[in-house]
Each structure stands twice: as C-alpha cells, then as structure tokens.
Amino acid sequence: MVNFAHRLKISNDINTDYIISGRYKFKIQNEKELAKHIFEDLEENFYKKIKPGDFLVAGKNFGCGSSREQAPVALKASGLQAIIATSYARIFYRNSFNVGFCLVECETNYIDDMDELELDLEKNIIRNVSKGVNLEIKPIPGIMKKFLEKGGVVEYFKAHGGFEEII
Amino acid sequence: MRQTIAEKILSEHCEKRARAGDIVIAKVDFCFGQDGTSGIIIDSFRKLGVETIFDKERFCMVIDHSSPSPNIGVSAIHDKIRGFAREQGVKVFDIGSGVCHQVIPETGFVTCGDLVLGADSHTCTYGAINVLSTGVGSTDLAITLASGENWFKVPETIRIIVNGDLPKGVFSKDVILNIIGDVGSDGATYQAVEFYGEVIDDLSVDARFTISNMAVEMGAKCGLMRADRKTMDWIKKHSIREPRPVEADEDARYLMTLEYDLSDLAPQVAMPHTVDNVCGVEEVEGTPVDEVYIGTCTNGRLEDLETAARILKGRRAAKRVKLIITPASRNIYLEALKKGYVETFMSAGAIVNNPGCGPCVGTHQGVLADGEKAFSTANRNFKGRMGNPNAEIYLGSPATAAATALEGRIADPREHKRRLK
Ligand code: SF4
C-alpha cells in the first residue's frame, strides 16, 4: 500500500522532547490524546497531517534525549506506519520495537515531503513511487523483527517466557 | 584477553565471553525507575502477568522529576508508585530525597563491576564509579523487574584520553562539553566510552560523575572510568557491597581512540538548542539571561554548590535574574546548610529548592516565559526542555552559572579566580 512521507522542518537530532514534550508525559495517560501533541513545539497541529499508514522521514540521530516511552507510544498511536531516518538514538530504538513500532534505517536525502512511499520489509526496500526509485534499507535485526511480529516485547516475553530462543 | 570494560562486565553477567557485536542475555545487579517512567513500568509489569518482582532488594523508585507534585495528574502517578512499592515491599525515595542519579550511588545500591539498568537516560552517570549502567525505557525495565535480566547488544568502545592540567575556573563540566562539541550529539551512538588521562585522574569522584552523566549526550550507552584509589574510598564510604573493580585489558580492541590536551581550555558553553552546539564562554559573554539554574544530576553536588557559594558569597544576584538552586540530594542539602552555602545563596537572592530535579525538565519550579533565556548547569538545552519552546537555554559549569547570575549576563568565571579553589 502506498502512503505519504512527512518531513519536519528540521531533519537531524529530533529529540524525544520534540516528539512529545515533557509537559504532557505526566499529564496525559491516553495514547490517542498524547498523539495529538507530537512535534507540537516544532509545528502546531502536525498530527492532523497524518493519515493511518503514513511515514515520518528524518535525518540522523532521531529520538535522542530522554528515555520516555511516551515518545514511540505517541508516534504509534498517531497512525504512523514507521519512521524512516538515517540513524537513531539507542534508547529510542529499543523503546520503539518494545512497543511494537517500526523504525527503518536508510539514506533519506531522496525522500521529499509528501512523496508517496511503499515499505517492503521482505525485500528490505522502500519504493519511492513519486520519484520512481527504490531505496535500500538496513535489515531490521532479528530480535527486533520478532518483537514487531508479536506487537511488542511484552507480548513476546509472555509467549516465550524469556529471550532464550532468539539468541 | 583483549576485552574492554563493557565486554568484561557483560561477560561476567552472562557467563560467557561477550564480544562487541554479540547479543547476550545478562543478569542485572540493580534497576530503578523515576516518577516520569515508573507509571509505565508498573503498567508493563502488570501486563507481563508476573506477580512479584525478581528481587525486592534490587529495585527502587525515586520521586524526583516532579517533586513535590505540581498537579493532580502527577499526584496520581506518585500515589501509584507508593502503592506498588507497598505491594512489592520495595524502597521508594519519596519527595525531597533527591535526584535518582545522586541518591542511588550515595545510598550504596551500586558498586564497581555492577550491571545496572535505570528507566532514565542519564543512568550512565555511575560509569564514573566503574559501573556499567545505562538507560532504558519503562517496558524494558519491566522485563528486568519480572526476570532479573535483559538482552544487551555488546557495544564497541571508544577510548577518550584527556590529558593536561585544567586552568583555574575550568571544571569537569567544561571538559565534557568540549568533548561533546567535538564528537557531536551522535558521535558515540550505540557505543561505550572509556575515559582516561591526567585530567580524569585529578578529578574528584563527584566531578567525574558530571562527565559520565553526559556520555549519553554524545549518544553513548555508558561512560566508564576505571576504579582508582579515590573511587575505592568513595565506594567504601557509601556502599557495603563488595566492589569488583574491572579494568580493560592492555590490548583491548577499541573502535577508536581520541586524545585531548585541555591545559588551555576556556570555560565552555552549550548554546541553544543542542548540547553539541558548544563554544568558549568569550563568544557568548554579555548575553542577557533571565534565569540561572544551579543543580541537577549533572551539577547539583556539594562541590558544585561550594564553587557557586565561593563566587556568590557576600554578593547579590543581578535584579533581572531568577536564581534557582537545587541540591541534588537531602544529604547534600544538609551539608550545604552546615557549611553555610544555603545562607550564602539566600542572601544572594536565590531560591533554594527542595532536593530533586528542580526546573530541569520543565514540569515545575521555574518554567520559562516566552523569549526568556536561561543559563543552566543541566545536561540538556533542547527547545522546550525547561517547559517553554519559545525560550532559550545555555549550559555551563556551576562557576559560569554563578558568575552569570551576578552580572545578569553570561560571564566568565575566571574573573573570580581568586575566590575559586
Ligand atoms: S536532573 Fe534533569 S537530567 Fe537529571 S534526572 Fe532529573 S530531569 Fe533528568
């Protein structure tokens, strides 16, 4: 299925405070409500642009900063299918797959705002339908893929009683 | 055996030889959450369907980020934390205890050679006392609560050697800001850092915490130091647990080695809105500020307060400045009282908050107005960090902060050289 790409005005070092401000992480317990405030400090009403299945596209070091899990939770609840960025900060990377949200690593210079994209995790490519090019993505580590399949680490852990099987 | 500190500590905790790049399951010595992350830890733990946590001596929660509670929502979370603690029989450091990253080492929960997880990104702080400690999200922490372990990717290690003799007025905060400015906000992503060199050897353990605390600001998983005499003395004073100091092998394999000579370093400032946007103080000197904040897990320790008190003694902060000072723990607060620092601060026109995170994360106790500029001793200056996206935050040492408070403009602490130790 083809979906749209959304780019923020800044591309690199998008921190978790930008994703969801510390003002809300204590206040709002409802995921859908939280999702209304994503990237609010960078662009008002950003969430309104997102249709289910869309992509957010960024540069390097996406998700740096605090360990707040509300960041991937809010992104997932906003309807985004995945983030596409050149690199991610460590804690955010773990948190996202832990909550069953997909992160894709690839060169993003060739994706413009509102390009139409299709993600293929089998072939490890993103088809940029608007530009007629295929972009290669870094394969998602096996352990992360298993979490995604189950919908998150909690579901995985419950089903398997631990991690032994993936090592 | 060619192993780095991180490889050794992980090997010991997974009972096999861990090499950079491996994925291992390791047992965790201690883990914790704070009030911003514990709510989800508890929810995720419940979802796992496990009744009791793996070991009630190896987990605690610290109410520090919004403490005491500024609103009903936070009060509910605090209440939930206290309830869970009663149910599981675990320790809560309640309001007024201090910031988790001071309280936990100070209370002796961690010791050399430990593997520690915290649901807070600055958990890397205890690398300064030879602990492999790193931040994770709440659900990751819940997994550890249920099982006593977690999965780890064994990190590559970058070795950073800091030599020279720091000039007067230049502190460990300036050292780490300088390094972050050099390597960038993602210069060590997914990797461990080991710090060595004359500068590190000369620093007190308190000052070393400042450096390890900020390792995550260059993306690192942990910022490790070896345990020397000072470390062992510190540990003996605070922890009854047996330390297991870990050194890297001489021929350990490093991803790279960076060397610095900082004998001529000037006080450093991180300008808005990223921590790696670093310059010498002279470049921003004279910038008017509205709030000065001295505290946090980076620079709210006794030594930091002493430095600020030396500069502020007998003087008053500039009229335009709100000067807010937050000791990192109750013990530090009590010491600061005994030594007269609190009196110095109050006489200088400061507000001395209860121990905790203070205004660091923008939930209370000093939220900035639109267009205001703050000078803070914290570790992050992201847009909106102190509660307002239309404000600006500069970061620097407690000395630079105190000098700035006096002027009402960013100022060079070396002008107060004679007052400094
Ligand atoms: S003082 Fe600031 S950086 Fe440290 S734990 Fe508290 S909020 Fe986080």
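Start with B:C112: its sulfur sits 15 Å from the closest cysteine sulfur, in B:C222, which is too far for a bond, given that a disulfide here is a pair of cysteine sulfur atoms within 2.5 Å. B:C112 also counts as buried, at 0% relative accessibility (buried means under 20% relative accessible area, with a 1.4 Å probe and protein chains only). This is a predicted model, so local features need pLDDT of at least 70 and side-chain atom pairs count only at pLDDT 80 or more, while totals for chains, interfaces and linings use all residues. Side-chain values use heavy atoms, leaving out hydrogens and water.

By the disulfide rule, the count over all chains is 0. B:C100 is in no disulfide either, and the nearest cysteine sulfur, that of B:C357, is 6.2 Å away. B:C100 is buried too, with a relative accessible area of 0%.

B:C357 turns up again around the ligand. What else surrounds the ligand? Its neighbours, each with a heavy atom within 4 Å of it, are B:H65, B:V99, B:H101, B:D120, B:H122, B:T296, B:C297, B:C357, B:C360, B:V361, B:N379 and B:R385. By class, that shell has 5 nonpolar, 5 polar and 2 charged residues (Ala, Val, Leu, Ile, Met, Phe, Trp, Tyr, Cys and Pro count as nonpolar, Asp, Glu, Lys and Arg as charged, the others, Gly among them, as polar).

Over in chain A, helix α4 (residues 70-77) and helix α5 (residues 90-98) have axes that come within 8 Å and cross at roughly 50°; axes are lines fitted to C-alpha atoms over the stretch in contact, with angles from 0 to 180 degrees between N-to-C directions, and helices are DSSP runs (H or I) of at least four residues.

How values were computed: Residues are numbered from 1 along each chain as its sequence is written. Chains are lettered from A and ligands numbered from 1 in the order in which they are written. Buried means under 20% relative accessible area, exposed over 50%, partly exposed in between (1.4 Å probe, protein chains only). Helices (H or I, at least four residues) and strands (E, at least two) are DSSP runs, numbered from the N terminus.
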